Amino acid sequence: MQRTQLQNSTDDHWEQLAAFVEGFLAEWEANGFGPMLSDHLPKDPGPLQRMVLVELIKVDLEYRHHSDGPILRLEDYLAENPLLAEPDGIPAELIYEEYHIRRAVGESVDVDDCLNRFPDRADAIAQVFQLESTSAMSADGASLSETFQPGERVGDFYLMSRLGAGAFGSVFLARQESMQRLVALKISGDRGTEGQTLAQLDHPHIVRVHDQTRLPEQNLRLLYMQFAPGGTLLSVVRASQTATRRTGQIVADVIAKAVDQTGILSSQSVTLKAGLAEKSWAEVVCQLGTELAEALSYAHGRGILHRDIKPANVLLEANGSAKLADFNISFSSAAEGSTPAAYFGGSLAYMSPEQLEAFDPLRPVQPQDLDERADIFSLGVLLWELFFGKRPFPDDSVTGNREAQLAGMIELRQRGVVPPADTLVTAVEQRLLSILRRCLAPDPDDRYQNAHDLARDLRLSLQPRVAGLLHRSLSGWRRRAAAWPGTSFLFAAVAPHVPAAVFNFVYNDTAIIEQLSDQAKAAFQRIVVIINVVAFSIGIGCCLWYILPVRQALCPQDSDAQPSYAAARQRSLRLSRFVTALGITEWLIAGMAYPIALNSITDGLEAKWQAHLFTSLLVCGLVAAAYPFFLTATLAIRSYLPALMHQESLSRDDLADLRRLSDRSVWSLYLAGGVPAAGIMILLTTQEAGDPRSAFALKVLSLLGAVGFAVTLNLAKSLQSDIEALLESARHLTEAEET
């Protein structure tokens, strides 16, 4: 309610502000000279009065720029309206506006002039003028491209071809004469800490810097680094937007074209990663995203934020590997003299809402408040654009001045993303979409908290079957089973024993008990109730105890206690072994308890019938134990384990348990198929020849055994495929983490 009231109050202020500004504009246009600002201010003092004053000064400056009147300085406005400096000085945005208008009319003015005039606003001025740095350096990059041409020599480098021009300089393919090697040479102004930042990084998916040379007399810096001949990811994005069929072949074609354009390499001499050209587009995005997330995880682990992730800053190796580049505006806590605000900038379209807020001097967020989750958001925007062919937020629809544009872009991001109408068919596509939506969550707490977890999920999604397991675990019966692990496990573990117990009672009642006295029959029924109540109670209690670590991890009750996901995964993968051993043990004990109890209430049960009782209970127990095995294994592999994998990766111990589960599923399949057939033969030999009393029960057992075996055979094959996919994906994860 309070939030709604605040929003309504804000909307009212904007409507009132617009009315005052419109009146001021009308008088300006009618008279042709500047009206008195005080005549167009609200009468009641307060925040609205100052807001209107600031906007009127902006309008007045702009109109004076286009008229013959003098350009007033902010000190003039302050003398007329002392309210302008309340409560903490002249707004930095006004200083910024006046600076540009004075430059537009030909005055010689620089930032130092603003700092000297308003020393009390130095911090705010430093922040707001960083907004200009991107465009200013863009011009610097373009001018460097014009100054230096292929065929020239710069220091120790012979410029062979131009690779591109960016915001902070121009990049050439060059030959370092002293080392006789090809390098990517970045020529930029002698500022920033990119060389120091990159020198800390040694990762296969980050462009490796060799060294840097400074040319003080020209105020230039030469940063030479590893040459990636495959072009940039921006070329891949553009190619995918016009492609009729999007597969990994797009990446192959872009790389081939870029390699041929170098003039020194041939696309025929390079080899792509195995299978890259044949991958689906979702798999390509997952592959490139994994590599970039791993690069970010490495950089973040060393205290380095990138802060300008976009397709143009991702280079491609000739084999298709992605390499993160352009750390010019990154922040490294280890670089001498570096601060988060020192070269704060970036590309607005790829920024997180909090990074955009740090661009706005009127908002409390500062550059030093940003963390690795801002980079994760930017990577999410990049991968969304690569996957869908367009960015997730329609920033082009935002109009107005700088403040309005920033506010509009922030609002778009805070609304969240809306997936395109295109139908996502495959499991990899659906899983990728859920990953990207998490990356682009408006609240940083709802995103991936580190790039390592993002890389893990993207790598897991490269396995279509694993991607399907992870995606489907978020909905349907899998999600409900994970939300109620105790209940779902009890049903899977206990339910198959109920029909087995009923069948056993009916069969033995027909084959044996009918021959006893009425007193013995009544006693037998009491024995059945007692044994079953005791057995099922013990079984349920043991199951609830065994599932406890899984329940604590999936349904944490105490927010302060950190659940052990490793223990929960281990217990999940051993559920099937536990219920099988527990079921067979209880049926064996019952197989001994029934003959002993019957022998005590009769004059002495024949040995033949004692053996018959024990055998029937053993057969039912073995059959009943096979079905809980597959039901609980299904729960573990398709519900519990994927839910736990959203928190942590599989460990080496988990892999060993997966292999053991795979081996046991074969033996359980033998139980489900072989035991009913063998049991029927045994039971037939223990009853009188031609006795029709239990024939119907045996026929039922035969039918149920055949149907059950068909079901478990299909389930076993499916589970084996799931386990093999998990083993393969875990192996890749382990190899990636070790490297």
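Keep in mind that the model is predicted.

I start with the inside. The largest nonpolar core holds 67 residues. Within this core, the residues with the most contacts are Val 236, Trp 281, Leu 379, Phe 387 and Leu 454. Helix α11, residues 281-300, contributes the most, with twelve residues. Take Val 236 as an example: leaving out residues up to four places away in sequence, Val 236 touches Ile 250, Val 251, Val 254, Trp 281, Leu 316 and Leu 386.

Next, the charged pairs. Side chains of opposite charge can pair when their charged atoms come close. How many salt bridges does a search of the whole structure find? The count is 22.

Is Arg 153 buried or exposed? Its relative accessibility is 56%, so Arg 153 counts as exposed. Glu 177, at 24%, counts as partly exposed.

The second pair is Asp 657 with Arg 574, joined by a salt bridge of 3.1 Å, N to O. Asp 657 is in helix α26 (residues 652-685) and Arg 574 is in the loop between α23 (565-573) and α24, so the bridge ties together parts that are 83 residues apart in sequence. Asp 657 is buried because its relative accessibility is 3%. Arg 574, with a relative accessible area of 22%, is partly exposed.

Arg 456 forms a salt bridge with Asp 453, with 3.8 Å between the closest N and O atoms. Both residues lie in helix α16, residues 451-460, and they are three residues apart, about one turn of the helix. Arg 456 has a relative accessible area of 3%, and therefore counts as buried.

As for the network, salt bridges link Arg 73, Glu 75, Glu 98 and Arg 117.

Glu 354 is in helix α12, residues 353-359, and is buried, with 12% relative accessible area. What does the side chain of Glu 354 make a polar contact with? The partner is the side chain of Arg 447, at 2.7 Å. Setting aside neighbours within four places in sequence, the residues in contact with Glu 354 are Val 365, Leu 370, Arg 373, Ala 374, Pro 444 and Arg 447.

Last, the surface. A nonpolar patch is formed there by Leu 588, Ile 589, Met 592, Ile 596 and Phe 614, which together have about 450 Å² of accessible area. Which helix supplies the largest share of the patch? That is helix α24, residues 575-601, with four residues. Ile 596 lies in this helix, and counts as exposed because its relative accessibility is 61%.

That is the last slide.

Technical notes: Residues numbered from 1 in each chain as written. Predicted model: local features only at pLDDT ≥ 70, side-chain atom pairs only at ≥ 80, totals over all residues. Heavy atoms only, no water. Patch = residues over 30% accessible without salt bridge, like charges linked within 9 Å, V, L, I, M, F, W, Y side chains within 5 Å. Areas by Shrake-Rupley, 256 points an atom, 1.4 Å probe, with all protein chains shown as cover. Salt bridge = Lys/Arg side-chain N within 4 Å of Asp/Glu carboxyl O. Helix = DSSP H or I, 4+ residues; strand = E, 2+ residues; numbered from the N terminus. Buried < 20%, exposed > 50% of the residue type's maximum accessible area, 1.4 Å probe, protein only. Polar contact = N/O pair within 3.5 Å; in protein donor to acceptor, adjacent residues only side chain to side chain. Contact = heavy atoms within 4.5 Å. Core = buried A, V, L, I, M, F, W, Y, C linked by side-chain atoms within 4.5 Å.
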